[in-house]
Structure formats: C-alpha cells, structure tokens
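Please read the report below alongside the sequence and the 3D view.

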Amino acid sequence: MEHIQQNFDVNYSYRVYFTTDLFTSPNNCLSAFLASRADQHFRKKLLVILDGGVSAKHPHLSGQISDYLGRIEGFQLAREIITVTGGEGIKNDLPLLFELVDAIDKYGIDRHSYVIGIGGGSLLDLVGFAAAISHRGVKHIRIPTTVLSQNDSGVGVKNGVNYKGKKNFLGAFAPPAAVFNDTSFLATLDSRDWRSGMVEAVKVALIRDASFFNWIEEKAISLTDGDMPAMQELIYRCAELHMQHIGQGGDPFESGSSRPLDFGHWSAHKLEQLTNFTLRHGEAVSIGIALDSVYSFLLGWLSETDMKRIVTVLKNMQLPIWHSLLERAESEHSPVAAGLEEFREHLGGRLTVSLLRAIGKGEEIHDIDYDLLYEAADICKKLQ
Ligand code: NAD
C-alpha cells in the first residue's frame with residue numbers, strides 16, 4: 001500500500017549533580033551549567049518555583065536565589081520567585097497548574113529559557129508538567145529537596161499531577177535539562193519525610209541489586225537515626241540505579257506494560273488515593289513492598305528468611321507495613337484489591353505486577369490470586 005514512512009530518534013542527555021549549598025556564591029555548579037548555555041545574541045529567562053515547605057525552613061533562600069541567579073550573564077530572572085505550598089495536595093490542584101502555566105506565559109519563558117523547580121517530588125512533578133505542556137515543552141531544571149525526590153522522582157523523566165483522585169493520571173514524559181541534588185536541604189526535613197524517602201532505595205535494591213539491599217539492611221537503623229553520610233550514599237546509589245534503568249532499560253518512556261520500578265506501587269497508589277493522600281507516598285510504597293514481598297514468599301519464590309529480612313528493614317525505618325484498607329470487606333474485594341484494574345489501565349495492555357524471585361531479582365507476573373493476596377495482607381498485619 002502507498003505510504004510515507006517517517007522515522008527519527010531524539011537523543012536525551014542530562015546530568016544529575018551532587019553538591020551542597022547550591023546557592024552560595026563559591027558554588028558554581030548551577031551558574032557554570034547556565035553560563036555554558038548562554039547565547040550572546042539574546043538573554044534567556046529563568047523562572048523559579050519554590051516549595052513553601054522548603055522556604056519556611058530556609059527563610060533566606062529566596063534572597064540567596066535572587067542574588068545567585070541575578071548575577072549570571074546572559075540570563076534574566078523573572079521579577080518574582082513563585083512560592084507554592086509543598087506536598088501531595090498541589091498535585092490535586094488543577095487551578096494551581098494553570099497558575100504556573102500563566103506565570104510561564106507572563107514572564108515570557110520560551111523554549112530557550114528555563115523553569116527551575118525547587119522542592120519535593122510533588123512540586124517537581126507539578127512544575128515539570130506545567131513546563132512540559134507550555135509551548136509544547138519548555139526546559140526545566142530540577143532541584144529536589146527531599147530524600148525521595150533526590151533518589152528517585154527528581155532524577156527520572158516523568159512529570160504529572162493527579163486527576164479525579166487518580167495518581168499521575170495527567171502527565172508527560174519530559175526529561176529535565178539538569179538536576180542538582182543539594183544535601184543541605186535534607187537537614188530540615190521532618191522525620192516522616194526523611195524516613196519515608198528511603199523506601200524507593202529499598203525498592204530498587206530489592207529488584208536490582210542484592211548487595212545494595214545488604215548495605216541498606218546493615219545501615220537501616222543509623223540511616224533512620226539521621227546518619228547524613230550514609231544518607232548521601234543511599235541517595236547516590238539509588239539515583240544511579242534508577243537512571244541506569246531508565247537509560248539502559250530500553251523503554252524510558254514506558255511504551256510497554258513492563259514497569260519493574262513500580263514494584264510495590266500498584267497497591268501504594270491506591271492506598272494514597274483511598275487515604276485521601278494522608279499517607280506519604282513512601283509510606284504507601286512501604287506497605288506495598290511488604291505486601292508484594294509476602295506474596296512472593298507465598299508463591300514460593302522468596303524464602304521466609306528473606307521475606308522477614310525485608311519486613312525488618314522497613315520496620316527498622318519505622319515505616320508501616322500494613323493498612324486496614326487491605327482487608328477484605330465481607331464478600332467484597334478490599335478497597336485496595338479493587339485498585340488492581342485501575343493499575344492495569346494505568347499501564348495499558350496487560351496487568352503486569354513486579355514481584356521478587358529473590359532479593360535483588362524482580363520478576364513480573366500477569367495474574368494475581370486474590371486468596372493469596374488476602375493471605376499476604378494477613379501476614380503483614382501479624383508482622384507489623
Ligand atoms: P513531597 O514533595 O510531597 O514533600 C513532602 C513535604 O516535605 C512537603 O510538605 C514539602 O513542603 C516538604 N519539604 C520538601 N523539601 C523540604 C525540605 N528540604 N525541608 C523541609 N520540608 C521540605 O514528598 P516527596 O516524598 O518528595 O514526593 C512525593 C511525590 O513524588 C509523590 O507525589 C509521588 O507520586 C512522586 N513521585 C514521582 C516520581 C516520578 O518519577 N516523577 C517517582 C516517585 C515519586
């Protein structure tokens with residue numbers, strides 16, 4: 001049949017920098033990055049969107065940002081730094097998404113300019129999406145300020161917001177221009193965000209890297225108690241594993257149904273929604289990891305010893321491993337189990353759930369046995 005064939009590749013490349021005190025003048029990490037992208041013929045613009053939870057704990061930050069970015073030749077900083085409340089709530093706030101799009105318009109952020117998001121994973125998901133849909137995609141720089149965003153959400157290619165209560169229903173694959181992980185932000189995290197952010201490292205270690213899991217197991221208590229050098233190592237190794245998977249896994253924009261990095265996430269996303277987002281993402285994933293690890297044990301894939309090691313790590317991080325929403329409501333499916341179909345729709349195509357063949361080795365299945373799932377939930381309840 002007569003047709004015209006079109007094929008092209010688009011090459012993406014970006015760096016994740018690890019630094020401290022990013023906005024102090026001796027630190028030229030960000031300024032050198034921008035300077036190398038200046039154009040002598042016109043000034044590029046910068047728009048900063050800042051997480052209110054960060055600015056509350058770093059009251060001089062806005063001033064430091066203005067001084068630092070205001071000095072970079074070839075760039076013009078927008079008149080205001082936009083501060084928005086942090087946390088999952090902003091991903092449920094569509095009017096806010098359009099306020100950010102309006103700011104991109106108002107400050108003339110074109111496709112040569114940069115939107116800079118500074119904050120936790122929620123803010124970065126929102127800002128990245130606002131950038132991705134404006135002018136069909138303006139460049140964005142991410143400055144993650146939580147453990148979870150530095151080790152996972154901020155270093156990848158996904159952006160998005162929730163819609164009608166469904167996690168990340170509206171979103172775009174849009175890699176950042178660069179990511180700057182600044183350790184100094186981590187010092188002001190509250191204990192809940194510090195601890196729950198580690199769970200994505202537990203996840204990626206379990207599906208990819210047994211020696212990293214052994215290391216996490218050994219350090220779990222000191223990490224939980226605030227060991228910053230250990231946390232820096234955890235973040236680096238976790239970010240590296242996530243980036244390897246995205247870059248070398250062959251499916252960065254997830255066109256297939258396979259989603260190994262979503263280990264523990266099918267129930268987590270539903271739990272977040274059902275608890276009206278009162279559970280932190282990391283807490284919900286902790287429950288999801290426990291559930292799917294016990295399920296892997298019940299399938300005969302994972303030894304009881306290894307299953308208990310995983311549960312102990314999560315408990316040593318003072319994270320939850322069970323929720324009452326996992327329980328079957330009389331003859332009905334539990335509210336969480338009812339979310340399996342939603343997860344399949346989110347993946348598109350076939351239901352694909354990652355489980356553990358062993359610590360460090362994920363494997364996918366396409367059917368869930370509900371009786372086994374409820375048995376797994378009961379075991380989690382007993383072990384919690
Ligand atoms: P978060 O962004 O919701 O932030 C939690 C709280 O910490 C907020 O109140 C925020 O204001 C505050 N905060 C942020 N930085 C702080 C700091 N340095 N000091 C003090 N307070 C600070 O939490 P999160 O765990 O970073 O992100 C969770 C989100 O990330 C979820 O929406 C999840 O779905 C998303 N996520 C996205 C991806 C992805 O690939 N895009 C991957 C994993 C998770």
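## The ligand site

Around the ligand, the shell residues divide into 4 nonpolar, 11 polar and 10 charged. In this sorting, Ala, Val, Leu, Ile, Met, Phe, Trp, Tyr, Cys and Pro count as nonpolar, Asp, Glu, Lys and Arg as charged, and the others, Gly among them, as polar.

The model is predicted: local features need pLDDT of at least 70, side-chain atom pairs count only at pLDDT 80 or more, and totals for chains, interfaces and linings use all residues. Residues are numbered from 1 along each chain as its sequence is written, and side-chain values use heavy atoms, with hydrogens and water left out.

The ligand is surrounded by 25 residues, and the closest are D51, E88, S122, T146 and K167. A residue is near a molecule if one of its heavy atoms lies within 4 Å of it. Two helices, helix 2 (52–57) and helix 5 (121–133), each supply at least two residues of this shell. Helices (H or I, at least four residues) and strands (E, at least two) are DSSP runs, numbered from the N terminus.

| Residue | Protein atom | Ligand atom | Distance |
|---|---|---|---|
| T146 | polar side-chain atom | oxygen | 2.5 Å |
| K158 | backbone N or O | nitrogen | 3.0 Å |
| F185 | backbone N or O | nitrogen | 2.9 Å |

On its own the ligand has 870 Å² of accessible area, and the protein covers 89% of this. Accessible areas come from the Shrake-Rupley method with a 1.4 Å probe; for residues, only the protein chains shown count as cover.

## Salt bridges

There are 17 salt bridges in the structure, each a side-chain nitrogen of Lys or Arg within 4 Å of a carboxyl oxygen of Asp or Glu. One network of them links E88, K167 and E272.

D152 and K203 form a salt bridge through their side chains (3.5 Å, N to O). This pair links distant parts of the chain, 51 residues apart: D152 is in the loop between helix 6 (147–151) and strand 7 (158–163), and K203 is in helix 8 (residues 199–208). Both D152 and K203 are buried; buried means under 20% relative accessible area, exposed over 50%, and partly exposed in between (1.4 Å probe, protein chains only).

The side chain of K203 also meets that of E200 in a salt bridge (2.9 Å, N to O). E200 and K203 are separated by about one helical turn because they are 3 residues apart in helix 8. The relative accessibility of E200 is 2%, and the relative accessible area of K203 is 1%.

Another salt bridge joins the side chains of D193 and R280 (2.6 Å, N to O). D193 lies in helix 7 (residues 191–196) and R280 in the loop between helix 11 (265–274) and helix 12 (281–298), 87 residues apart. R280 is partly exposed, at 29% relative accessible area.

## T352

T352 sits in the loop between helix 14 (339–347) and strand 10 (353–358). With a relative accessible area of 5%, T352 is buried. A polar atom of its side chain lies 3.2 Å from the backbone oxygen of R350, and the side chains of T352 and H366 make a polar contact (3.4 Å).

## A surface patch

F8, V10, Y12, F173 and F253 make a nonpolar surface patch of about 520 Å². Patches are made of residues with over 30% relative accessible area and no salt bridge: like charges are joined within 9 Å, nonpolar side chains (Val, Leu, Ile, Met, Phe, Trp, Tyr) within 5 Å. F173, in strand 8 (residues 166–173), is partly exposed at 35% relative accessible area.

Definitions and conventions:
Polar contact = N/O pair within 3.5 Å; in protein donor to acceptor, adjacent residues only side chain to side chain.
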